[in-house]
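Subject: Handover of a structure, with notes

Dear colleague,

I am passing on to you the structure shown below, together with an account of what was found in it. Please read the notes with the structure open beside them.

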Amino acid sequence: QVQLVESGGGLVQAGGSLRLSCAASGRTISHYAISWFRQAPGKEREFVAGISWSAVNTYCADSVKDRFTISRDNTKNTVYLQMNSLKPEDTAVYYCAARYTSYSENFYHTKTDFDSWGQGTQVTVSS
């Protein structure tokens, strides 16, 4: 099973940018679809963005589309989430999750689809 560690969170003003990293260890992520989720206080954990292991397919939730970009570097065993034009409503703990798959073009967006989760990184956007 792959282990995941998120980093890059912090406090930023509205309109600012952050880049989150999801570093994997234990196994290569070459055959893992990776997604980002977030959870705000008192709310359910929600899907943010997903990427297939081939990186051919990516998808972002409507709430972040045109502002967030997911990418991966399999040689570094790392997935990234570039977040631009941040809003106070983006404040949450951000988690990455991995699912082993033999389908190079699949990505996943349901929490129960995933085998491994990181511990999360806090993102706070001030108004």
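Which side chain does E44 meet in a salt bridge? The partner is K111, with 3.4 Å between N and O. Please bear in mind throughout that this is a predicted model.

**Salt bridges**

The E44 and K111 contact is a salt bridge, and a search of the whole structure finds six salt bridges. This pair links distant parts of the chain: E44 sits in the loop between β4 (32-39) and β5 (46-51), and K111 in the loop between β9 (92-100) and β10 (116-117), 67 residues apart. E44 has a relative accessible area of 63% and is therefore exposed, the cut-off being over 50%. K111, at 34% relative accessibility, counts as partly exposed.

Another salt bridge joins the side chains of D90 and R67, at 2.7 Å from N to O. D90 belongs to the loop between β8 (78-83) and β9, while R67 belongs to the loop between β6 (58-60) and β7 (68-73), so the pair ties together parts that are 23 residues apart in sequence. Both D90 and R67 are buried.

The side chains of R99 and D113 also meet in a salt bridge, with an N to O distance of 3.8 Å. Here strand β9, which holds R99, is linked to the loop between β9 and β10, which holds D113; the two residues are 14 apart. With a relative accessibility of 25%, R99 counts as partly exposed. Salt bridges that share partners also join R38, E46, R67 and D90 into one network.

**The four-stranded sheet**

An open sheet of four strands runs in the order β1-β3-β8-β7, and its pairing is antiparallel. β1 (3-7) and β7 stand at the edges with a single partner strand each, so one side of each is left without a neighbour in the sheet. From one strand to the next, the twist averages 15 degrees. Five bridges pair β1 with strand β3 (residues 18-25) in the antiparallel sense. V5 has A23 in β3 as its bridge partner.

**Strand β9 and its partners**

β9 runs antiparallel to β4, and eight bridges join them. In this region A33 stands opposite R99 of β9, the residue whose side chain meets D113 in a salt bridge. β9 is also joined to strand β11 (residues 121-126) by three bridges, again in an antiparallel arrangement; the bridge partner of Y94 in β11 is T121. Two bridges pair β9 with β10 in the antiparallel sense, and A97 has W117 in β10 as its bridge partner.

**T101**

The side chain of T101 reaches the backbone nitrogen of Y103 at 3.0 Å. The T101 side chain also makes a polar contact with the side chain of Y108, at 3.2 Å. Leaving aside residues up to four places away in sequence, T101 touches H31, A33, W53 and Y108. One of these, A33, is the residue that stands opposite R99 in β9.

With kind regards

Conventions:
Residues are numbered from 1 along each chain as its sequence is written. This is a predicted model: local features need pLDDT of at least 70, side-chain atom pairs count only at pLDDT 80 or more; totals for chains, interfaces and linings use all residues. Side-chain values use heavy atoms; hydrogens and water are left out. A salt bridge is a side-chain nitrogen of Lys or Arg within 4 Å of a carboxyl oxygen of Asp or Glu. Buried means under 20% relative accessible area, exposed over 50%, partly exposed in between (1.4 Å probe, protein chains only). Two strands pair if DSSP finds at least two bridges between them. Axes are lines fitted to C-alpha atoms, for helices over the stretch in contact, and angles run from 0 to 180 degrees between N-to-C directions. A polar contact is a pair of N or O atoms within 3.5 Å; within protein, one must be able to donate a hydrogen and the other to accept it, and residues adjacent in sequence count only if both atoms are side-chain atoms. Contact means heavy atoms within 4.5 Å.
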